[in-house]
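Trainee: Could you walk me through this structure, one piece at a time?

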Amino acid sequence: MSQWLKKSGRGVAGWICAATLSLTGVNATAEELTLSSSSLQAGKKMPMAHVYGACGGENLSPQLSWSGAPEGTKSFAITAYDPDAPTGSGWWHWVVFNIPADTTSLPEGAGDLKNGLIPEAVQGRNDYGSPGYGGACPPKGHGDHRYRFRVYALKVESLPLDEDASPAKVGFNINANKLAEAELQVVWGH
């Protein structure tokens, strides 16, 4: 180390300062955005309450909570997506955006527009063709599918879209304005 000190011209004080900054940078981490649910358990089977009606479920969107939004967050978006759907492009079950920045949870059933539980937000059209939540319903015999619930912290108060925007267009705008994201994944099949 003494040879490094001589070559760098920093001296002991400079080395201590550099080492302290390095250690401080390693230990000083910002809170990470996290997503949790009282309705869903990560990695477990989705309860029937959140399965689409045509597959015997109640089609209720799950309760979701998040914390650790980064500084500068002005709104949130939520998506639910099945990457295993046999479509070549997956299946969008829920697309919600323009959720106010002071919101940190959605109650069970918020994905039903009739409930009016998130009036400030826009619930886009899912791949069933209607706005709001559409639960899991993969083809019989297709095995378990993964359902990825994600929350996004966004740097804008609102995305310039309405409920008729395609999930792909919403996703493009989310990714263009994303500060952070968190995921909770469950499975379901029959």
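**A buried serine and some aromatic pairs**

Mentor: S39 counts as buried because its relative accessibility is 16%, where buried means under 20% relative accessible area, exposed over 50% and partly exposed in between, with a 1.4 Å probe and protein chains only. This is a predicted model, in which local features need pLDDT of at least 70 and side-chain atom pairs count only at pLDDT 80 or more, while totals for chains, interfaces and linings use all residues. Residues are numbered from 1 along each chain as its sequence is written, and side-chain values use heavy atoms, with hydrogens and water left out.

Trainee: Which residues does S39 touch?

Mentor: Not counting residues up to four places away in sequence, S39 touches P47, H50, P62, Q63 and E108, where contact means heavy atoms within 4.5 Å. The side chain of S39 also reaches the backbone nitrogen of Q63 at 3.0 Å.

Trainee: New topic: how many aromatic pairs are there?

Mentor: The structure holds five, and rings of Phe, Tyr and Trp (its six-membered ring) pair if their centres lie within 6.5 Å, planes under 30 degrees apart counting as stacked, over 60 as edge-to-face and the rest as tilted. One of them is the stacked pair of Y52 and Y128, at 3.8 Å centre to centre and 0° between the planes.

Trainee: Are Y52 and Y128 buried or partly exposed?

Mentor: Y52 counts as partly exposed at 25% relative accessibility, and Y128 is partly exposed too, with a relative accessible area of 26%. Together with W91, Y52 and Y128 form one aromatic cluster.

Conventions:
Polar contact = N/O pair within 3.5 Å; in protein donor to acceptor, adjacent residues only side chain to side chain.
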